[in-house]
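Have the sequence and the model open side by side.

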Amino acid sequence: MTAFQYHNSSLRCEGVAISEVAEVVPTPFYLYSKAAIHANLDAISTAFGDVNPLICYALKANSNPHLLRLLSACGIGADVVSGGEIYLALENGFPADKIVFAGVGKTDAEIEYALSRNVYTLNVESLQEVGVIEEIARRLGQQARVGLRINPDIDVEGHPYISTGKASNKFGISLEEFDALVERLPSYSNIKVVGLHIHTGSMIDRSQPYLAAIECMRRLKHKLEAAGAKLDYVDIGGGLSVDYHAPLESPAERIHAIISPLAAELRRFDCRIIFEPGRSLVASAGILVTRVLYTKHTGDKHFVIADAGMSDLLRPSLYSAHHEILPVCPNDRPLRHVDVVGPVCESGDFLAKDRLLPEVERGDLLAVMTAGAYGFVLSSNYNSRPRPAEVLVNASDHKVIRERGTWSDLQREVTDSRENS
Ligand SMILES: Cc1ncc(COP(=O)(O)O)c(C=O)c1O
């Protein structure tokens with residue numbers, strides 16, 4: 001069971017009929033289930049058993065402030081990759097001492113902000129970055145806590161855009177650079193190495209890449225400790241996959257199958273374990289609701305033209321990502337292979353290609369499933385389209401947690417430059 005189920009010929013989220021939300025909130029809009037977010041967090045925590053890791057939610061997956069408050073209230077931490085995400089994490093209840101700051105291109109201003117707000121740690125991604133943090137920390141009269149993000153050259157075999165742990169990826173410190181860094185450790189007086197970090201990629205659907213990363217960190221931890229460092233934490237990154245093909249099934253079992261085999265290995269570390277889930281916490285808890293504007297047939301192709309497109313949900317266009325598309329009010333019309341496309345002026349603007357769907361008509365509502373992660377955060381104003389609204393369902397209530405963008409949002413910059421001319 002998930003929060004999304006059909007009941008009385010209508011797709012519902014918890015106790016709310018999605019068609020009823022669409023009567024008051026203009027489409028397209030994202031809709032999230034509070035219960036599903038809690039259930040996902042619970043499934044992840046349970047799967048780790050007595051390892052009891054510090055779970056740091058990766059804000060990049062979905063940084064809606066209301067959802068951030070919901071998650072921080074559960075007592076977890078935050079994984080952030082920009083000054084903006086540090087700001088959002090702090091504003092929305094994540095304590096500084098549970099914030100881990102990663103990112104391959106931290107600016108000086110972001111590093112200074114992180115240090116001045118005393119975040120738990122900065123996971124550094126290059127030797128040069130270590131030098132920059134040392135300098136900034138010296139200027140601030142601080143000792144910066146850092147973790148070394150390692151590039152372990154592990155292939156998680158997913159889409160190349162979401163693989164981050166191969167030697168050819170830009171992320172992390174290579175194993176050769178790591179040895180050079182360990183030698184230089186005594187020369188840093190304003191840096192304290194307190195952790196190790198690996199994030200090998202997203203959509204990891206088996207335990208093996210995690211086990212390989214854990215093994216790698218065990219070796220590197222020994223090297224660091226032999227050089228005099230005392231580690232507070234080992235951070236195994238995020239990357240736990242979700243099943244985009246099974247949106248009406250609970251993810252708890254597969255979360256357990258992938259994560260629980262890690263527990264025995266993690267228990268052997270004598271320090272805190274950090275896990276940084278993004279997608280697995282929120283993807284299955286959200287959908288994008290869109291309305292059919294037109295249907296059209298050209299040659300042997302059938303198009304369903306929806307009012308949501310790549311500016312609302314980029315993943316299909318960017319990664320050829322699969323999202324199930326379900327009718328909000330199912331019917332028994334015949335099935336037909338269709339391309340579900342958006343209104344944006346790009347042939348690459350689609351939500352699904354060659355998908356078998358019951359015939360749809362102008363005005364029908366469609367739910368693009370498993371859209372709670374890397375959905376709204378990747379939306380844009382391309383074609384001067386306002387960003388979609390976001391709605392949160394809690395039991396039988398729903399509320400708008402971000403209003404739809406407006407045309408005047410689009411005009412803001414232009415007004416400023418007119419004033420200057
Ligand atoms: C450092 C780091 N941690 C955690 C995550 C979250 O990954 P996911 O959403 O796949 O769990 C990412 C995603 O890119 C990341 O770069």
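The buried residues of helix 5 are covered by several elements, including helix 4 (83–91), strand 7 (99–101), strand 8 (121–124), helix 6 (127–140) and strand 9 (144–149). Keep in mind that this is a predicted model. Helix 5 itself spans residues 108–116. Its buried residues are Glu110, Ile111, Ala114 and Leu115. Look down the axis of helix 5: these buried residues fall within an arc of 130°, so they line one face of the helix. The general rule behind such a pattern is simple. An α-helix has 3.6 residues a turn, so residues three or four places apart point the same way. The face away from its buried side carries Asp108, Ala109 and Ser116, which are exposed. Just after helix 5, Asn118 adopts a positive phi of about 60°.

Ile99 touches Gly77, Ala78, Val80, Ile86, Ala89, Phe94, Val119 and Tyr120, leaving aside residues up to four places away in sequence. Ile99 also belongs to the largest nonpolar core, a set of 115 residues. The members with the most contacts inside this core are Ile18, Leu31, Ile99, Ala367 and Val368. Both domains take part: the core draws at least three residues from each of domain 1 (4–31 + 284–406) and domain 2 (34–282).

Val368 lies in strand 18, residues 365–368. Why does Val368 count as buried? It has 27 C-beta neighbours inside 10 Å, and the cut-off for a buried residue is 20 or more. Leu266 is another matter. Val368 and Leu266 are 102 residues apart in sequence, and their C-alpha atoms are 37 Å apart in space.

Phe350 is the next stop. It is found in strand 17, residues 350–358. Phe350 is buried, because 21 other C-beta atoms lie within 10 Å. Its contacts, not counting residues up to four places away in sequence, are Pro316, Ser317, Asp339, Val340, Val341 and Gly342. Take Ser317 from that list. Phe350 and Ser317 are 33 residues apart along the chain, yet 6.3 Å separates their C-alpha atoms.

Now step back to the domains. The protein is divided into domain 1 (4–31 + 284–406) and domain 2 (34–282). Their centres, taken over C-alpha atoms, are separated by 32 Å. How many residues of each domain are in contact with the other? Domain 1 has 23, and these are in contact with 22 of domain 2. On the side of domain 1 that touches domain 2, strand 1 (4–6), strand 19 (389–394) and strand 20 (397–402) are the elements that give two or more residues. Strand 19 gives the most, with four residues. By class, this side of domain 1 divides into eleven nonpolar, eight polar and four charged residues.

Finish at the ligand. There are 17 residues around the ligand. Ala58, Ser202, Gly238, Gly278 and Arg279 come nearest. The shell as a whole has five nonpolar, eight polar and four charged residues.

How values were computed: Residues numbered from 1 in each chain as written. Predicted model: local features only at pLDDT ≥ 70, side-chain atom pairs only at ≥ 80, totals over all residues. Near = placed C-beta within 6 Å. Nonpolar A, V, L, I, M, F, W, Y, C, P; charged D, E, K, R; others polar. Buried ≥ 20, exposed ≤ 12 C-beta atoms within 10 Å, placed from the backbone. Arc of directions from axis to C-beta. Contact = placed C-beta atoms within 7 Å. Core = buried A, V, L, I, M, F, W, Y, C linked by C-beta atoms within 7 Å. Domains from an automatic or database assignment.
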